[in-house]
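This briefing goes with the sequence and structure shown below.

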Amino acid sequence: MENSPDYDSPWKEILDDYFEDFMLFFFPDAHAAIDWSRGVEFFDKELQKIVPDAELGRRYADKLVKVWLTDGAEVWVMIHVEVQGQQETGFELRIYVYNHRIFERYNAPVASFVILTDDNPDWRPAEHRQELFGTETIFRFRAVKLLDFEARWAEMEASSNVFAVVAMAHLRVISTKRDFGTRLDWKLHLTKLLYEKGYDKLTVLKLFRFLEWLIWLPEDLQRSYDNDLDQYEEEKRMTY
């Protein structure tokens with residue numbers, strides 16, 4: 001991840017492929033209110049017009065999704081994955097602006113969800129508030145801090161949800177910032193989990209790509225990882 005020029009690409013891909021899993025893992029109450037039998041529609045091109053690339057930059061994985069609720073209502077969901085890894089001044093205002101622009105475009109309420117993958121336990125943006133002469137705007141959004149999932153490690157290891165692997169990988173990148181030897185061990189452990197969880201071949205390959213992008217290792221340790229993984233695959237006769 002540290003050296004990746006396409007910082008958000010694997011996040012965007014995995015959101016496209018496993019959006020229902022994403023909602024179930026991070027926002028189960030919202031997941032329960034969505035009628036998944038009707039599918040979902042992604043509006044990436046429309047989002048780029050509403051919030052130009054110059055504003056989005058390359059650090060974020062933003063998704064605009066249309067879903068239907070179990071009561072038949074058509075609603076919009078804005079997914080914002082914050083991967084810059086540090087506190088940002090004006091973050092809450094930016095999320096508010098995105099939400100408001102989408103509302104203006106479609107004249108419909110928009111739910112904003114944020115995933116925070118940074119390592120600052122004290123940074124917990126949740127609302128934008130402004131007031132002038134008695135006119136007050138309060139905008140609250142849903143935010144999940146991946147650091148909080150450390151306490152759910154055993155649950156994630158047992159989960160078949162692909163975003164359990166995503167969350168564990170982010171946590172171990174944070175915890176091994178200065179210890180690449182331990183990071184090597186964790187990368188191998190998480191890769192083996194892909195086989196042990198019973199995923200189909202395509203899911204294994206997509207999650208493997210995500211781990212390769214996220215869990216960066218120095219060249220010598222990456223070679224060690226590759227050799228250990230080759231040996232493991234030969235033993236399990238599961239070479240992908």
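Asn107 lies in the loop that joins α6 (91–106) to β4 (110–116). The model is predicted. In it, Asn107 has a positive phi of about 50°, though this residue is not a glycine.

**Loop residues with positive phi**

- Asn107 counts as exposed because its relative accessibility is 64%, and exposed means over 50%.
- Phe133 is another non-glycine residue with a positive phi, again about 50°.
- The loop that holds Phe133 runs between β5 (127–132) and β6 (135–140).
- Phe133 has a relative accessibility of 81%, so Phe133 counts as exposed.

**The chain as a whole**

- The secondary structure consists of 11 helices and 7 strands.
- The chain has 240 residues, and 47% of them are buried.
- Among contacts with a separation of 6 or more, 68% are between residues 24 or more positions apart.

**Helix α9 against helix α10**

- Helix α9 covers residues 180–196 and helix α10 covers residues 201–214; their axes come within 10 Å and cross at roughly 165°.
- Angles over 145 degrees count as roughly antiparallel, so α9 is roughly antiparallel to α10.
- The crossing of α9 past α10 is right-handed.
- On the α9 side the contact is made by Lys187, Leu190, Thr191 and Leu194, and on the α10 side by Val204, Leu207, Phe208, Leu211 and Glu212.
- Sorted by class, this contact of α9 with α10 has 6 nonpolar, 1 polar and 2 charged residues.

**Helix α9 against helix α11**

- The axes of α9 and helix α11 (residues 219–236) also come within 10 Å, and they cross at roughly 30°.
- Because angles under 35 degrees count as roughly parallel, α9 is described as roughly parallel to α11.
- α9 passes α11 in a crossing that is right-handed.
- From α9, the residues in this contact are Phe180, Gly181, Leu184, Lys187, Leu188, Thr191, Lys192, Tyr195 and Glu196.
- From α11, they are Leu221, Gln222, Ser224, Tyr225, Asp228, Leu229, Tyr232 and Glu233.
- The contact of α9 with α11 has 8 nonpolar, 4 polar and 5 charged residues.
- Lys187 and Thr191 of α9 take part in the contact with α10 and also in the contact with α11.

Key: Residues numbered from 1 in each chain as written. Predicted model: local features only at pLDDT ≥ 70, side-chain atom pairs only at ≥ 80, totals over all residues. Heavy atoms only, no water. Axes fitted to C-alpha atoms, helices over the stretch in contact; angles between N-to-C directions. Helix = DSSP H or I, 4+ residues; strand = E, 2+ residues; numbered from the N terminus. Parallel < 35°, antiparallel > 145°, perpendicular 65-115°, else oblique. Left-handed = near helix turned anticlockwise from the far one by under 90°. Contact = heavy atoms within 4.5 Å. Nonpolar A, V, L, I, M, F, W, Y, C, P; charged D, E, K, R; others polar. Buried < 20%, exposed > 50% of the residue type's maximum accessible area, 1.4 Å probe, protein only.
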